[in-house]
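Please walk through this protein with the structure in view. The text begins with how its elements are defined and then turns to its parts.

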Amino acid sequence: MKQYRETGSLAPKKRTQQTPTLLSTEQLAVLRRLVQQRNDATLEELQTLLEREIGVHLSRTTVDRMLKKLNITVKKKRSTPMRKKLNAPRTSG
């Protein structure tokens, strides 16, 4: 109601500022180095390693967002190879 009284509109306000990144450029470089050293680490492991390295505690979600900012994916490779043809009959032997 306050917004309607002040502006005459109930439309959502436009965002004027972007929330700043939690990590500096140097800290992002540390994260990139950690991923290169331990490319099989989970988000939780990266979270712990990052806290040890730079002394900043981040949530798992924030670590994921920072990796996306660096264009790094955390998708794991399958432990067993996929069969080439899903409908191919299995052969015994």
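Helices (H or I, at least four residues) and strands (E, at least two) are DSSP runs, numbered from the N terminus. This is a predicted model, in which local features need pLDDT of at least 70 and side-chain atom pairs count only at pLDDT 80 or more, while totals for chains, interfaces and linings use all residues. Residues are numbered from 1 along each chain as its sequence is written, and side-chain values use heavy atoms, with hydrogens and water left out.

The protein has four helices and zero strands, in the order α-α-α-α from the N terminus. Of its 93 residues, 22% are buried (under 20% relative accessible area; exposed is over 50%, and partly exposed lies in between, with a 1.4 Å probe and protein chains only).

Helix H2 covers residues 25–37. Gln27, Leu28, Val30, Leu31, Leu34 and Val35 of H2 are buried. Seen down the helix axis, the buried residues fall within an arc of 155° (from the directions from the axis to the C-beta atoms), so they line one face of H2. Thr25, Glu26, Gln36 and Gln37 are exposed on the other side. The buried residues of H2 pack against H3 and helix H4 (60–69).

Helix H3 (residues 43–54) includes Gln47. Gln47 counts as buried because its relative accessibility is 16%. Beyond its neighbours within four places in sequence, Gln47 is in contact (heavy atoms within 4.5 Å) with His57, Leu58, Ser59, Arg60 and Val63.

Key: The expected span of a helix is 1.5 Å times one less than its number of residues.
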